Amino acid sequence: NKLAVDCRKVMMTAWYRRMFPGTRISRKRSAGSDFETTKGGGRFSTSVGGSLTGRGGSLIIVDDPIKFEDASSKQRRHTVNQWFDGTLYSRLDDKRNGSIILIMQRLHVDDPVAHVLGKEHWDHLCLPAIAEGSEKFVLKNGQTIERAAGEALHPEREDLEVLEETRNSLGSFYFQAQCQQTPVPEGGNLVKMEWFQTYSELPPSTRAGDSVTQSWDTAMTVSDGADWSVCTTWAIR
């Protein structure tokens with residue numbers, strides 16, 4: 001409702017009317033979540049799972065269709081993905097020339113973004129907070145924007161120091177999904193959580209006063225020729 005009302009407010013400002021002199025909101029239909037223009041255009045706003053009966057459009061924008069707290073629920077993810085397939089997808093008036101734009105931060109390996117990418121080709125714009133490789137974007141006006149691996153997306157707003165603090169606060173699991181846009185399975189992908197065991201008692205080889213130290217040499221490159229990750233465990237007596 002807020003986004004719809006804000007949209008209507010913008011369209012009624014003097015500067016918007018100067019820029020788009022042919023666009024005027026009709027007095028006959030001017031509700032915040034459902035308004036029309038004098039030339040037959042319009043905007044209808046609803047929530048995920050809301051009614052779309054008899055509705056269609058040339059442009060459909062889906063903004064954050066699943067909440068953070070619901071992303072870990074398999075049933076809730078299924079409900080949102082099913083709503084997208086069964087209700088929303090068919091609402092384009094012209095399926096050849098119409099567009100659906102899905103805007104969201106990644107929350108799970110089976111969130112709506114993963115769902116649609118797994119079904120068909122989409123133009124996928126992924127902008128991680130910290131570049132994980134060299135990036136190059138060519139804009140419609142011909143301007144080229146490049147970013148090297150390790151650079152912050154918007155250093156004037158959030159530099160690397162702020163992003164590392166965010167990583168420490170969120171934890172790697174949530175930071176990788178929400179800020180880097182590459183969620184990993186809850187059990188891990190390269191290193192599985194089930195590989196780690198817990199013990200209620202120390203191994204019999206240790207004695208009172210011993211200290212145990214682990215030294216890790218991690219190699220996380222994903223390729224057949226990559227080095228192994230190695231851990232050595234030392235008992236110091």
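The side chains of Arg77 and Asp110 meet in a salt bridge at 3.9 Å, N to O (a side-chain nitrogen of Lys or Arg within 4 Å of a carboxyl oxygen of Asp or Glu). This pair joins distant parts of the chain. Arg77 sits in helix 3, and Asp110 lies in the loop between strand 5 and helix 4, 33 residues away. Arg77 is buried, at 7% relative accessible area, whereas Asp110 is partly exposed, at 34%. Buried denotes under 20% relative accessible area, exposed over 50%, and partly exposed in between (1.4 Å probe, protein chains only). Helices (H or I, at least four residues) and strands (E, at least two) are DSSP runs, numbered from the N terminus.

The model is predicted: local features need pLDDT of at least 70 and side-chain atom pairs count only at pLDDT 80 or more, while totals for chains, interfaces and linings use all residues. Residues are numbered from 1 along each chain as its sequence is written, and side-chain values use heavy atoms, with hydrogens and water left out.

The structure holds 12 salt bridges. Arg55 and Asp34 form one of them, at 2.7 Å, N to O. Arg55 is in the loop between strand 3 (42–44) and strand 4, and Asp34 is in strand 2 (residues 34–37), 21 residues apart. Asp34 is buried, at 13%; Arg55 is partly exposed, at 27%. Asp70 pairs with Arg76, the closest N and O atoms being 3.5 Å apart. Asp70 occupies the loop between strand 4 and helix 3. Its relative accessible area is 18%, so Asp70 is buried. Arg76 is partly exposed, at 29%. Beyond neighbours within four places in sequence, Asp70 is in contact (heavy atoms within 4.5 Å) with Arg76 and Arg77.

Helix 3 (residues 74–88) has 15 residues. Its span from first to last C-alpha is 20 Å, close to the 21 Å expected at 1.5 Å a residue (1.5 Å times one less than the number of residues). Its buried residues include Arg77, Trp83 and Phe84. Their cover includes strand 4 (59–63), strand 5 (99–103) and helix 4 (112–117).

The largest nonpolar core has 17 residues. Such a core is a set of buried Ala, Val, Leu, Ile, Met, Phe, Trp, Tyr and Cys residues joined through side-chain atoms within 4.5 Å. Helix 3 gives the largest share of this core, four residues. Residues with the most contacts inside the core include Val62, Phe84 and Trp122.
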